[in-house]
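Please keep the sequence and the 3D view open while reading.

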Amino acid sequence: MLKKGILLVIRRFNIPLAIFIICLVAAAALGYLLLKPEKKVANQPPTVKPIQEQVKLSAWLPEWGGEGTRKEAHSLIEQLDSVQLFALYFDESDSLLETVKFTTLQDAVQAMKKEASQSAKAHSLKIYGSIVNDAYIASNSEHIVQKNSELISRLVKSPQSRKEHIHDIVQKTLAYNWDGIEIDYEKITDKDWGNFTEFVKELYREMHQRGKEVRIVLEPNAPIEKIDLPEGPEYVVMAYNLYGTHSGAGPKANISLIRKLAGKMDYLPGTPVLALATGGFDWHEDGPIKSLTEQQAAAIQMQYKKEARRDKQSGAMTFDYQDENGKQHEIWYADSETLALWIETASRAGRNSIAIWRLGEMEKSTLDYLRQL
């Protein structure tokens with residue numbers, strides 16, 4: 001039946017048989033191309049789509065980051081809403097402590113603030129001093145207890161201890177002419193959350209009276225759905241530390257973590273900020289886990305002539321290598337495409353206020369991406 005129909009068409013329109021066959025094959029091929037299912041590429045993250053809303057961007061500048069960190073901040077001066085000077089610690093008497101590198105960073109960001117107000121996209125660049133609960137055992141020693149839970153307990157345990165600590169914070173903020181203060185107290189124990197909440201209320205009241213702002217950094221596992229944090233401060237949730245020095249190898253964050261935390265942030269007042277991390281880690285088969293910047297990871301990849309693959313669940317880059325001593329290493333790190341995917345994921349979950357931990361030794365492609373936000 002089909003054969004008779006084809007012959008009838010050929011005779012009726014006087015079409016040469018060879019030409020008809022060629023047209024028939026071409027039509028079949030076109031139909032296949034249009035209708036065939038899309039091929040899935042292994043180990044590739046979802047396609048990054050353009051962000052629909054304006055991203056409010058902030059970043060941390062560690063005092064140990066050096067000139068490179070300051071240059072990166074300067075290159076992003078028109079994109080940054082604020083910078084956080086990661087530069088305040090504690091001494092053995094629980095008093096606030098700056099390191100010798102602090103002054104250089106403080107001077108540099110104050111100059112940036114002035115330049116931002118005079119730039120093509122003139123705006124007010126906010127400066128926050130960031131306090132972390134790392135305690136030096138002796139002021140002249142390199143020995144430090146990081147993320148000291150006992151220190152937090154002492155600082156917030158009573159109205160008097162909180163009052164004294166808040167007085168120190170206010171004085172530092174005024175002395176350095178910061179727009180506000182950031183509290184980055186980590187590993188808060190369950191028994192201290194009530195007192196910490198009171199501390200936040202009292203700190204905000206004192207700072208607000210002086211026209212100063214407050215930012216509170218919260219770890220991914222902070223029980224924000226159970227505690228009653230006050231309105232007023234800006235809350236920052238860390239969307240990283242999924243893998244790190246505390247675990248086996250893997251990315252600092254993945255799509256699932258970002259979506260989960262973006263939803264959890266509904267429990268926070270105001271417009272909270274989602275913090276994302278640059279760089280990565282090098283896991284040694286029988287040695288210490290080493291933190292890496294993006295440039296350091298790329299340099300190791302080039303040195304050992306390794307090809308990195310992109311993890312589908314996180315968008316992070318990863319590769320293995322064997323060092324000169326025959327030891328195996330596994331590296332995971334974030335590049336520009338990783339950050340783009342993470343920020344796009346956050347944006348689609350309704351979180352467009354993004355903080356970057358941290359500036360320093362990023363690849364040009366990553367800086368270029370951040371500059372176009």
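At what angle do helix α5 and helix α6 pack, and how far apart are their axes? Helix α5 (residues 149–156) packs against helix α6 (residues 159–175) at an angle of about 100 degrees, and their axes are 6 Å apart. This is a predicted model, in which local features need pLDDT of at least 70 and side-chain atom pairs count only at pLDDT 80 or more, while totals for chains, interfaces and linings use all residues. Residues are numbered from 1 along each chain as its sequence is written, and side-chain values use heavy atoms, with hydrogens and water left out.

**Helices α5 and α6**

- The angle makes α5 roughly perpendicular to α6 (angles of 65 to 115 degrees count as roughly perpendicular, under 35 as roughly parallel, over 145 as roughly antiparallel and the rest as oblique).
- Arg154, Leu155 and Val156 of α5 make the contact with Ser161, Arg162 and His165 of α6 (contact means heavy atoms within 4.5 Å).
- By class, this contact of α5 with α6 has two nonpolar, two polar and two charged residues (Ala, Val, Leu, Ile, Met, Phe, Trp, Tyr, Cys and Pro count as nonpolar, Asp, Glu, Lys and Arg as charged, and the others, Gly among them, as polar).

**Helices α8 and α10**

- Helix α8 (residues 255–264) and helix α10 (residues 336–348) have axes 9 Å apart and pack at an angle of about 30 degrees.
- These two helices, α8 and α10, are therefore roughly parallel to each other.
- On the α8 side the contact is made by Ile255, Ile258 and Arg259, and on the α10 side by Leu341, Trp342, Thr345 and Ala346.
- The residues of the contact of α8 with α10 divide into five nonpolar, one polar and one charged.

**Nonpolar cores**

- The largest nonpolar core has 73 residues, and Tyr185 and Phe199 have the most contacts inside it (a nonpolar core is a set of buried Ala, Val, Leu, Ile, Met, Phe, Trp, Tyr and Cys residues joined through side-chain atoms within 4.5 Å).
- Another core lies apart from it and has 15 residues, including Leu97, Val236, Ala275 and Ala277.
- Leaving aside neighbours within four places in sequence, Phe199 is in contact with Val156, Arg162, His165, Ile166, Ile169, Ile183 and Tyr185.

**Tyrosine 89**

- Tyrosine 89 lies in strand β2 (residues 80–90).
- With a relative accessible area of 3%, tyrosine 89 is buried (buried means under 20% relative accessible area, exposed over 50%, partly exposed in between, with a 1.4 Å probe and protein chains only).
- Tyrosine 89 and alanine 135 are 46 residues apart in sequence and 6.1 Å apart in space, C-alpha to C-alpha.

Note on methods: Axes fitted to C-alpha atoms, helices over the stretch in contact; angles between N-to-C directions. Helix = DSSP H or I, 4+ residues; strand = E, 2+ residues; numbered from the N terminus.
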